[in-house]
Amino acid sequence: MPAPERIPAGRVSAMEPAVEPVAVPAARKDPPRTAQEPAMGLTDAFLADGELTVRGQIREASNAVLYCTVERDGRTASAVYKPVAGERPLWDFPDGTLAQREVAAYEISRASGWDLIPTTVLRDGPYGTGMVQEWIEAPATEDGGEVPELLALIEDEEPGPGWKAVGYADIGEGRTALLVHADHPWLRRLAVLDVVINNGDRKGGHLLPGAGGRLFAIDHGVTFNADDKLRTLLWGWAGEPLTGEALEMLRGLAATLEDGAPLAARLAELITDTEIGALRERVAQLLRTGKHPEPGGQWPAIPWPPV
């Protein structure tokens, strides 16, 4: 179940409502990179201070998402720009806060040491203040084929080796299939990170394989709510003990979230004090239980549409 395509449209209409996805293409196709464009790992300063030029709109997004290039000091890179003015209102999140939440998720990802979220900044742009994030290009395998699948639907009752079961999905005509995700160390890290940031929308299309076996995750506007909003496709480890590296990460993160710490001060610029308090409690809860959480039953556990 590959990620939906992120192909910029030929024209830009940033404030026009985006079209909901109706199908999952066979593979994601990215615009070609220039010879000067770095493959990954842009700095905050590059994205924040470079010249931002809109090239097209990514139509399948639920909010305004613009494909851009950023140029600074003779280098050019691709990026995604989500202006606050293009955000659709949500009943359970304050208006105009999704861009800040994307940046807050990046700050947590960076503090964790796992760097699962591409470089993300909050800056002014052609359509006002918004989130700007490094574009991640999907790599090809050595033989030129597609990257391995991270999600799949199977007709068996149990997942095969290397896969974790999520649950049964209705595939039409009265048939069901088992939804599974890869038992992948990067996915497991992401499952922990999603609990920490209280991600209410972890879909398959938000998973981007990177070069060298890396995994990146995008679309973190629906995060950091003070209420439990966790909705994800990554339930395969539910109830299992956290790994040693996850516990070590959480202990370090708890220290960086203490009052007066630089990360806590940075988050105070992006989310509310109540949300920071809830964030600290989620980290503490993971450390107390030492386990991946299970669905609570009071909120839909899987986002819709799942891709």
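This is a predicted model: local features need pLDDT of at least 70, side-chain atom pairs count only at pLDDT 80 or more; totals for chains, interfaces and linings use all residues.

**Contacts, rings and burial**

Q: What makes the link between the side chains of aspartate 219 and histidine 206 a polar contact?
A: The two side chains are joined at 3.2 Å. A polar contact is a pair of N or O atoms within 3.5 Å; within protein, one must be able to donate a hydrogen and the other to accept it, and residues adjacent in sequence count only if both atoms are side-chain atoms. The 3.2 Å pair therefore qualifies. Aspartate 219 also makes a side-chain polar contact with lysine 82, at 2.6 Å.

Q: How do you know how far to trust such values?
A: Residues are numbered from 1 along each chain as its sequence is written, and side-chain values use heavy atoms, with hydrogens and water left out. The mean pLDDT of the protein is 85, and 84% of its residues reach 70 or more. Over residues 1-40, pLDDT stays under 50.

Q: Why is aspartate 219 called partly exposed?
A: Its relative accessible area is 26%. Buried means under 20%, exposed over 50%, and partly exposed in between (1.4 Å probe, protein chains only). So 26% makes aspartate 219 partly exposed. This residue is found in the loop between β10 and α4.

Q: Is leucine 242 buried or exposed, and why?
A: Leucine 242 has a relative accessible area of 8%, so it is buried. It lies in the loop between β10 (215-217) and α4 (244-256). Beyond four places in sequence, leucine 242 touches residues including Val192, Leu286 and Gly290; contact means heavy atoms within 4.5 Å.

Q: Why is the pair of tyrosine 67 and tryptophan 135 called edge-to-face?
A: The structure holds one aromatic pair. Its ring centres, in tyrosine 67 and tryptophan 135, are 5.0 Å apart and the planes are at 75°, so the pair is edge-to-face. Rings of Phe, Tyr and Trp (its six-membered ring) pair if their centres lie within 6.5 Å; planes under 30 degrees apart count as stacked, over 60 as edge-to-face and the rest as tilted. Both tyrosine 67 and tryptophan 135 are buried.

Q: What makes arginine 189 lie over the face of tryptophan 186?
A: Arginine 189 is at 4.5 Å from the ring centre of tryptophan 186. The rule asks for NZ of Lys or CZ of Arg within 6 Å of the ring centre and within 35 degrees of the ring normal.

Methods:
pLDDT is the predictor's confidence in each residue, from 0 to 100. Helices (H or I, at least four residues) and strands (E, at least two) are DSSP runs, numbered from the N terminus.
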